[in-house]
Amino acid sequence: MRFLVFSASLRAESFNTRLAKLAGAAIEAHGGTVDRAGMSDFDCPSYDHDVHDFPPGAAEFRRRLEANDAFVIAAPEYNGSIPGVLKNAIDWASRYRPQPFHERHALLISASPSMVGGNRGLWALRVPLEHLGARVYPDMFSLAQAHQAFDAEGRIASPQLRERFAQMFAAFMDLVEAAKHYPCAKQAWHEFLSEHPDAAMHRPED
Ligand SMILES: Cc1cc2nc3c(=O)[nH]c(=O)nc-3n(C[C@H](O)[C@H](O)[C@H](O)COP(=O)(O)O)c2cc1C
């Protein structure tokens, strides 16, 4: 199983980039293959509906989504919501056909110096992803007080949180594997969401 993992922060000392690194390690510890990316790989000019050529960042985002079974985003919370750079990249990539988020599994994590760890931003991030038909994992992980939540080795300092992080990744990976290999799991998603198996029948393109 292949997982695209990236942080949605461009900042060199980003807490979310540190958390993305731990996400990659958790996936590898559970037997997955990690495709590590950075937000700068997917950075795009502001979306303009009059521009018909996709920018290189959008092309790369689409390529990496399609090359993996699932994706993990470590996203900062900006003003209680999604960083603009990430929403802009999602908007660009969503214009490809076939639309690359559709039926792709996603796990959302965040880190913030605040007491809620950027969790409101993750709820906001669910909206465009679920709108696009991504299978966003119900559980999410938000690391509060991120400026003091990592230990000297770069691990999550709290043993309890470390354990929860590892368990959440293991459960997510098991679900992605089941969805890939068992047609009944895929069918269950369609039934759960009352979707028509033919995406064209279900989702308007705009
Ligand atoms: C424009 C802006 C808005 C922010 N809004 C929030 C916010 O609503 N909630 C929050 O927890 N942190 C907020 N922060 C603080 C970020 O969580 C903090 O800068 C964090 O370190 C960003 O993630 P990073 O370390 O991965 O770059 C904001 C930061 C910026 C620059």
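## N-terminal cap of α1

In this predicted model, Ser 14 caps the N-terminal end of helix α1. A side-chain oxygen of Ser 14 lies 3.0 Å from the backbone nitrogen of Asn 16.

## Helix α1 and its packing

Helix α1 covers residues 15-29, 15 residues in all. From first C-alpha to last, α1 reaches 21 Å, close to the 21 Å expected at 1.5 Å a residue. The residue Gly 31 follows α1 and has a positive phi, near 95°.

Asn 16, whose backbone nitrogen takes part in the cap, is also one of the buried residues of α1.

Most peptide bonds are trans, and most residues other than glycine have a negative phi. The peptide bond from Arg 97 to Pro 98 is cis, with omega near 0°.

Glu 103 is not a glycine, yet its phi is positive, about 65°. The relative accessible area of Glu 103 is 23%, so this residue counts as partly exposed.

## Loop between β6 and α6

Gln 145 lies in the loop between β6 and α6. Its phi is near 45°, a positive value in a residue other than glycine. Gln 145 has 29% relative accessibility and therefore counts as partly exposed.

Terms used
Residues numbered from 1 in each chain as written. Predicted model: local features only at pLDDT ≥ 70, side-chain atom pairs only at ≥ 80, totals over all residues. Heavy atoms only, no water. Helix = DSSP H or I, 4+ residues; strand = E, 2+ residues; numbered from the N terminus. Expected span 1.5 Å × (residues − 1). Buried < 20%, exposed > 50% of the residue type's maximum accessible area, 1.4 Å probe, protein only. Polar contact = N/O pair within 3.5 Å; in protein donor to acceptor, adjacent residues only side chain to side chain.
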